[in-house]
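Please read the following points alongside the displayed chain, taking them one at a time. They are written for a colleague who has not looked at this structure before.

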Amino acid sequence: MFDYRSAFETAIEQVKGEGRYRVFADLKRRRGQFPQAVRRREDGSEQDVVVWCSNDYLGMGQHPVVLDAMKAAVDEAGAGAGGTRNISGTTRYHVDLERELAEWHGKEAALLFTSGYVGNEATLSTLQKILPGLIVFSDALNHASMIAGIRQGGGERHVFRHNDLNHLESLLAAAPADAPKLIAFESVYSMDGDIADLKGTIALAKKYGAMTYLDEVHAVGLYGERGAGIAERDGVLGQIDIIECTLGKAIGVMGGYIAADAAVCDAIRSWASGFIFTTSLPPALTAGALASVRHLKANPDLRTRHQERAAALKARFQAKGIRVMETSTSHIVPVFVGDPVHCKMVSDMLLEEFGIYVQPINYPTVPRGTERLRFTPSPDHTDAMMDALVEAMDQLWTRCNVARMPAVA
């Protein structure tokens, strides 16, 4: 008989042998004390840690306005939604949140999904059913959920070099002029920290008759006067056809959504299996997300503080010769290591010796040879926390013989 267990064990050993085996940190967040948390070790003992890699970018998952809304929703409506959106699972919380999200992005409608991943996969695959012959042009560094959705659609697809509009135009120009086309890209790329040229991409889309699909998951809540993302910051909200976002990062809860014309959202709602056949988000989550969005719209000072903290951390690293990847022009602070074993070693030492938690980022999330530590400073990371982090990194860079850059004063 086939040795099933051996096959699985071999697969695990292969990952371990490449130095990219992932170990989950067992964390308990402290309400009201973000970014501090308690880590439970394997022996059951506990350790106080500072979290430096959370995608809860603004700490909204701990904010009283969000927690109060969620507790009130549980008291009012109970725990679960009770079904799919089609069958008893559409509550007033869902309807109100979709209206708020549509208004935020300057669109006619919005449609909720159970996660940003599902939103991308369901929408991008379904568009190819609704638009026969659709040709998709995808940025080389698009998220795995976008890639999965595009592949699942089964249509013609072309990958253009990351943020290379000349390459994108050459691909668009070679495609049949009368074929439906879609350009799928992100605003902020989460591993390199760079930002796409939205205006340039839109110009190409108009020139070649393509729709635009923009993933703003690492930008929503963080950019623009009201936090609607890079498209708002750059003044092009009305020129993007479909915007896809998450509720699980800066908004601090869970879920995903698209915002677009009413006909687009209605068609996706009616055709997408990933929407139709899944239980809808619990009322508490949608109520918390609604409260968070309203708070973010009205409080641009959070975004100002967030950008200042990111700039401050980059400057502190550079002053020690610790290489912040040159690609980063956003709030994300990726520190280059370049080796999976060293990357995990430094991450483990930071956690065990200094109570600093940052997850190593290895292949397949990033290409081999570009392994890194990805820091996401929030408005709640203090100067003292930054000083402790930079001092620990400085010590470990010397101890582990990680290459440095010339220090920047």
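1. Leucine 165 has its place in helix 6, which covers residues 165–174. The model is a predicted one, and in it leucine 165 and alanine 196 are separated by 31 residues in sequence, while their C-alpha atoms are 9.7 Å apart in space. Leaving aside residues up to four places away in sequence, leucine 165 touches Asp197, Gly200, Thr201 and Leu204.

2. Aspartate 68 belongs to helix 2, residues 64–77, and from aspartate 68 to alanine 291 the C-alpha to C-alpha distance is 8.9 Å, although 223 residues separate the two in sequence. Aspartate 68 counts as partly exposed because its relative accessibility is 46%, a value that lies between the limits of 20% for buried and 50% for exposed.

3. How many salt bridges does a search of the whole structure find? The search gives 27, and one of them is the contact between the side chains of arginine 368 and glutamate 18, at 3.4 Å from N to O. Glutamate 18, with a relative accessibility of 25%, counts as partly exposed.

4. Another salt bridge joins aspartate 26 and arginine 40, whose closest N and O atoms are 2.9 Å apart. Here the loop between helix 1 and strand 1, which holds aspartate 26, is linked to strand 2 (residues 36–40), which holds arginine 40, and the two residues are 14 apart in the chain. Aspartate 26 is partly exposed, its relative accessible area being 33%.

5. Aspartate 48 and arginine 30 also form a salt bridge, with 2.6 Å between the closest N and O atoms. Since aspartate 48 lies in strand 3 (residues 46–51) and arginine 30 in the loop between strand 1 and strand 2, the pair ties together parts that are 18 residues apart in sequence. Arginine 30 is partly exposed, with a relative accessible area of 25%. Elsewhere, salt bridges with shared partners join six residues into one network, namely Arg305, Glu308, Arg309, Arg316, Asp383 and Asp387.

6. Which strands form the open sheet, and in what order? Four strands make up this sheet, in the order 1-2-3-12, and their pairing is mixed. Strand 1 and strand 12 (356–357) are the edge strands, each of them pairing on one side only. Strand 12 pairs with strand 3 in the parallel sense over two bridges, and tyrosine 357 in strand 12 is the bridge partner of valine 51.

7. The last point concerns the surface. Phe2, Tyr4 and Phe8 form a nonpolar patch there, and together they have about 420 Å² of accessible area. Tyrosine 4, one of these residues, is found in helix 1. Is tyrosine 4 buried or exposed? Tyrosine 4 has a relative accessible area of 54% and is therefore exposed, the limit for that class being over 50%.

Methods: Residues are numbered from 1 along each chain as its sequence is written. This is a predicted model: local features need pLDDT of at least 70, side-chain atom pairs count only at pLDDT 80 or more; totals for chains, interfaces and linings use all residues. Side-chain values use heavy atoms; hydrogens and water are left out. A salt bridge is a side-chain nitrogen of Lys or Arg within 4 Å of a carboxyl oxygen of Asp or Glu. Buried means under 20% relative accessible area, exposed over 50%, partly exposed in between (1.4 Å probe, protein chains only). Two strands pair if DSSP finds at least two bridges between them. Patches are made of residues with over 30% relative accessible area and no salt bridge: like charges are joined within 9 Å, nonpolar side chains (Val, Leu, Ile, Met, Phe, Trp, Tyr) within 5 Å. Accessible areas come from the Shrake-Rupley method with a 1.4 Å probe; for residues, only the protein chains shown count as cover. Contact means heavy atoms within 4.5 Å.
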